[in-house]
Amino acid sequence: MPDVVVVSPIGDVDRLEVRDLSKSYGGVRALHRVSTVFRRGFNGIVGDNGAGKSTLMRIISGDIQPDTGQLILNGKELHLRSTADARRAGIESLYQDLALADTLDVAGNMFLGREITRNFLGLRLLDKRAMVRAAERTVASVNIQIPEVSRMVRTLSGGQRQAVALARAIYFNAPVILLDEPTAALGPKETAAVLGLVEQLRANGKLIIMVSHNIPQILDIADHLIVMRSGRIVKEVDPQSTSQEELLGFMVGSRT
Ligand SMILES: Nc1ncnc2c1ncn2[C@@H]1O[C@H](COP(=O)(O)OP(=O)(O)O)[C@@H](O)[C@H]1O
Ligand SMILES: [Mg+2]
């Protein structure tokens, strides 16, 4: 693991269960009674566009609330009203639009909502220098080059943004990490670097859930794979014993 100070060890998570989750948008049933158990290691989610993958991820990340159903982390029911709630429970999410605040710099993003403070004559002040130092050390420990931690996040490339979000997950030692198509907008080199970081997190006993469109890639790296279609989980497979053709068949419904 990178040599960084871990400020809020939350403990390991062996099991994240979703039970009977449903979510509709007007007449559109985005999720319909989805139940499964994610375990420590790399959990992949695949499915066609509109299958409900992002809706499921957003519910687990606290970004949206389900109409019905439960989230159970290590046997304890979670009630997440926001992504901040989820982070406090140890769930970090990385996805393109929500993960970072564009108008903050790298350090500001890493510590958003969990700022390091110091005492000054009885006042609690933000310790900017400590945050910059911690951000620099953490960023240096991930494999993607980020110019300076004072750079506005909106000036960074897609891969660099993902690296910032991953650095945050690493710094706070998040036991659960959600990734919704993290490499969709990245070039081959950045993709390899991001996947390398995820691999490092897996090797350190994290519970990772990743949505991917890249069938060969997800078959290669996942420990467990879930197939979604029309708002439901239609299949759970062992990537070791599943071919690309079989997986595509489950995704489009020509196989059951
Ligand atoms: N905020 C929203 N408002 C209305 N419909 C939505 C919203 N988010 C998702 N949907 C609909 O829910 C369904 C599932 O979407 P989504 O979870 O994004 O699928 P996926 O990520 O698998 O492509 C789709 O039909 C989509 O159009
Ligand atoms: Mg999606």
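Me: Which residues of helix 4 are buried?
Reply: First, the ground rules: this is a predicted model, where local features need pLDDT of at least 70, side-chain atom pairs count only at pLDDT 80 or more, and totals for chains, interfaces and linings use all residues. Residues are numbered from 1 along each chain as its sequence is written, chains are lettered from A and ligands numbered from 1 in the order in which they are written, and side-chain values use heavy atoms, with hydrogens and water left out. Buried means under 20% relative accessible area, exposed over 50%, partly exposed in between (1.4 Å probe, protein chains only). In helix 4 the buried residues are Ala 130, Met 131, Ala 134, Ala 135, Thr 138, Val 139 and Ser 141.

Me: Why do the buried residues of helix 4 line one face?
Reply: Look down the helix axis and take the directions from the axis to the C-beta atoms; the arc is that of these directions. The buried residues of helix 4 line one face because they fall within an arc of 155 degrees.

Me: Which exposed residues sit on the face of helix 4 turned away from its buried side?
Reply: The buried side has its own cover, which includes helix 3 (106–111), strand 8 (123–126) and helix 5 (158–171). The face turned away from it carries the exposed residues Lys 128, Arg 129 and Ala 140.

Me: What is the phi of Asp 20?
Reply: Asp 20 lies in strand 1 (residues 15–25). With a relative accessible area of 29%, Asp 20 is partly exposed. Asp 20 is not a glycine, yet its phi is positive, near 60 degrees.

Me: Which element gives the most to the shell around ligand 1?
Reply: The residues around ligand 1 (a heavy atom within 4 Å) are Tyr 25, Val 28, Ala 30, Asp 48, Asn 49, Gly 50, Ala 51, Gly 52, Lys 53, Ser 54 and Thr 55. Strand 2 (28–39) and helix 1 (53–60) each supply at least two of the shell residues. With three residues, the element that gives the most is helix 1.

Me: How much of the accessible area of ligand 1 does the protein cover?
Reply: Start with the polar contacts (N or O pairs within 3.5 Å; within protein, one must be able to donate a hydrogen and the other to accept it, and residues adjacent in sequence count only if both atoms are side-chain atoms). Oxygen atoms of ligand 1 lie 3.0 Å from a polar backbone atom of Gly 52, 2.8 Å from a side-chain N or O atom of Lys 53 and 2.5 Å from a polar side-chain atom of Thr 55. Of the 560 Å² that ligand 1 has on its own, the protein covers 60%.

Me: Which side chain makes a polar contact with the side chain of Glu 92?
Reply: Glu 92 is in strand 6 (residues 91–95). At 1% relative accessibility, Glu 92 counts as buried. The polar contact, at 2.7 Å, is with the side chain of Arg 114.

Me: What is the relative accessible area of Leu 178?
Reply: Leu 178 is in strand 9 (residues 176–180). Contact means heavy atoms within 4.5 Å. Leaving aside neighbours within four places in sequence, the contacts of Leu 178 include Met 57, Ile 60, Glu 92 and Ile 209. Leu 178 is buried, and the value is 0%.

Technical notes
Helix = DSSP H or I, 4+ residues; strand = E, 2+ residues; numbered from the N terminus. Areas by Shrake-Rupley, 256 points an atom, 1.4 Å probe, with all protein chains shown as cover.
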